[in-house]
Every structure is written in C-alpha cells, then in structure tokens.
Amino acid sequence: MASMQQFHQPYVLPSFRDAVPESWRSNNAPKPPASSLQTVVISSLSASQSASGHTDISVPLGPSAGIISQAYIRFTLDATTDADGRSVQFKGAQGTCLSLINRYTTSVNGIALDTISNFDKSAGLLLEHCTSSDYIKNDLAVLMGANVSFVAGTTPTGQSTYGASHVIETFCIPLFGFLAGTIPAYLMNGQLNIGIDFNSIARAFYMVAGSVSAYTISNVQLVYDRISPSQEFVDSVKMDLRNGNKFVIPYVNIQNVGLTSQTNANNLNIGVNYSSLRAVLLTQTSLTTDTDTTVEGLNASFDLTQFQVSCDGRLLSAVNYNSQTSPALCFLEAQKACGRAWDSSISDPCAFLTAVNTASTVVARSYLTNNFFAGTSGIRCNEQLAFAGTPVSVLGINYTSTTNTSNITLLADMQALLDDQGNVVIYR
C-alpha cells in the first residue's frame, strides 16, 4: 500500500503575489479617521484700524471647535496718497504687506504662546530666505504684493475700482509660530486670542515720490480649515488624556530684539532659558528706515566683520563672519541657520550684484547691499527629533559693523502640552 504524506499549504492572499498588478491591490496606507471638513471665517472683534492701530481676533475652543488647520489672515488695505498716479510700494527687501504689521501675539486663556515684536522684520526675513525666489516672484506677488508697485487711482484690469488717489487691495498672510501647524482645538477650553498691532505710515510704505497721507485696515479675518473628527475618535483621544497622557503640540517660537548698533563692537547678553535654540539671525537697515518713506528698507551688510553667538559662554560657531572679505561664508552659514545649506531645489532671492535691476518687475537683490542677513545654526542633528537645538540660559551675541538699526531674530523649539481638562502648559 503506497504511503501518503501530507504537506502544509498556507493560504496566501492574492494581493501578496508579485503577479498581481499594483493597481489591483488593496491600499495598505494608514487612513484618516472619519471626519468632515469646512473652511471657516472668524472676523475681527475690532472695527477698521488706521496707522498704528490694533485688532483682535477671538476663536472659541471646545468640543465643537474641531481641528484648526491651514490658517491664515486676510485683510483689506485702503491707502490714500497725496495725489493721483503715485506709486505705492511696501517696505523691505522683498516689499511685502508684512511691513504693515508691527507686533503679533497669540494666547489661550491668558497663556502667551507667541509674542513676535518687529513682526515685519522677523517674519519678512523668514519669508524671504526660507522660501524660493520663484515663490516670491510669482506667488507672493499675488498674495502679499511682493515687489509690486501699486499706482494710486489706476485700477488693475479685472479688479474693483480703486478710486482717485487710492490703492485698495486685499492681502493674505501666513501665520507663524503656534498657529503654523495643526491645532486640536476640540481638546482645549476657553478662547484662542490673536492680537495684531499695525505700523506707522513711514515704517509700512516706500514712496519714490509723494506720500501716503493715511491708510485703513478693514475686513480682518482669520480663515482656516476646521476638521471635525468622529465622536469615537474624540472619545479615544480623551481617554488617553484621562489616563495621564499629554497631547503635545510642537512649534517654533520666534523672538525679535531690535537695537541701534554702534560703530565697531556690539555686545548683548540675553536671558532666554531655551531648551532648544534653533538659530540666531541678524539683519541690518539704515537708521532712517522706519521714519522716512523715501527709504526702501533694504538689508545691507554695513561692513560686518564679526558675528559671534555663544550659549552660556560657549562659542557656537568659530567661522569668521567677514562680509568684506568672505561674503560667501556669511551667506552659507546664514542659509544653514535657515535649514537650507546646499539645497539646490530652491533658490534664495539674493544675487551677487552691485545694483538692483529696476528695469524688470523681478527684482534681483544684491546680497551685500540689498538683501543681507547673517546667521548661526544651533541644530545638533538633522533628524526629526524634539528639542534638537542647543540648550541655553544666557545667549551672548557679539558683532562688529557700522552704525545701523539691527534686528536679531531668535528661533527656538517649544511644546504646548494639553491635559484632560483642556489646560495648556508651555515647555520651552
């Protein structure tokens, strides 16, 4: 009698066979929980504001607030000039509508999340050097009026009428800091408050001839996508929080220090108490930039020959920052501080030119005389790890240049921790 031997034949799903085309297989990627999406608009609590005015936006938080995503601010500018046909531009190296904003704050129930002084300088610097020249040339020209010369009384084709001696435009600006990411508003209680202080006329506008006699900001609104997840998902997250876990929201905090630099050495010691300093950036403008509308507000090197940053007495970089003898070194270290050293996929708006190309709408800015910035990176690794920057209690900054108005921008990692009661605690 012939013997029979039985072999185990495991069952294999067809989706695991190489012969099955990829388009026929099941999608194994993680899927989002059931949710609904709606783009909402929150109007300002303040009426129209003039130069140096202030506006507030309040967002209710709670179970029905959902998740805040892709938030931005929109507003309408109405600038009045002294005569029809005047050319109106925004100040700054790339001339965006950020020049209208002096200070930007966010808070939840009185707990400060962001306080960005000299917002036009800090946010303008990041937008100019953390994006690409093509993005500034094309996208920001539409969104924020970058390098655009608006003619009072001359309405662009297809737009609503300006009116004699007026420029009336609506702009959109991105949010920095806490609201730059995705915020689980359904886990918080109370109110999220946004405060915006506007600049004076002289600090906001650049005029080749004539003047802006007044300007108003109206229709200030916060626009964002509200994602409302299913109740099962909300209950699951809240159960984790009741078990003692915390919901962690990482973000980059921005601080700015403005000062009048003296010729030769300038020394600063700043108590910051950061767990993770990402970068220190320096820009310099002429002394009359913020008080004279005929000054364009360009960033120049002012013969910078030294820029040293120390963390609790330890020198962060031994590179000799000398804009006169080695501008390439200054530029590369500044790009490294922005996280884009040797990145060929994007191009900085700086150029190695001696003058501005005024014959073209696309303005090629000289690095040393028009679009200068210096920087030192504090990032210790290139992995996506929490608090990857340098810990520091007292930050020392030493630089040598001629007399100018300097702005030092500090970037640091922070975390907002949420508990099961909806309370917010900031870890810095």
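**Figure 1. Cysteines and the disulfide count.** The count of disulfides, pairs of cysteine sulfur atoms within 2.5 Å, comes to zero. Cys130 takes part in no disulfide, and its nearest cysteine sulfur, that of Cys338, is 3.9 Å away. The model is predicted: local features need pLDDT of at least 70, side-chain atom pairs count only at pLDDT 80 or more, and totals for chains, interfaces and linings use all residues. Residues are numbered from 1 along each chain as its sequence is written, and side-chain values use heavy atoms, with hydrogens and water left out. Cys130 has 37% relative accessibility and therefore counts as partly exposed (buried is under 20% relative accessible area, exposed over 50%, partly exposed in between; 1.4 Å probe, protein chains only). The sulfur of Cys330 lies 12 Å from the closest cysteine sulfur, in Cys350, which is too far for a bond. Cys330 is buried, at 0% relative accessible area.

**Figure 2. The pair Phe90 and Phe150.** Across the whole structure, 12 aromatic pairs are found. Rings of Phe, Tyr and Trp (its six-membered ring) pair if their centres lie within 6.5 Å; planes under 30 degrees apart count as stacked, over 60 as edge-to-face and the rest as tilted. The ring centres of Phe90 and Phe150 are 6.3 Å apart and the planes stand at 70°, so this pair is edge-to-face. Phe90 belongs to strand E5 (residues 87-90) and Phe150 to strand E8 (residues 150-151), so the pair ties together parts 60 residues apart in sequence. Helices (H or I, at least four residues) and strands (E, at least two) are DSSP runs, numbered from the N terminus. Phe90 is buried, with a relative accessible area of 4%, and Phe150 is buried at 11%. One aromatic cluster is formed by Phe75, Phe90, Phe150, Phe171, Phe205 and Tyr215.

**Figure 3. The largest pocket.** This pocket has a volume of about 870 Å³, the space filled by probe spheres set on grid points joined across faces, edges and corners. On a 1 Å grid over the protein atoms alone, a pocket is an open set of points where a 1.4 Å probe fits, with protein on both sides within 12 Å along at least five of seven lines; lining residues have an atom within 4 Å of a point. Val252, Arg278, Cys338, Gly339 and Leu411 are the closest to the pocket centre of the 31 lining residues. Helix H1 (119-129), strand E13 (247-261), strand E14 (264-285), helix H5 (327-337) and strand E21 (404-418) each supply at least two residues of the lining.
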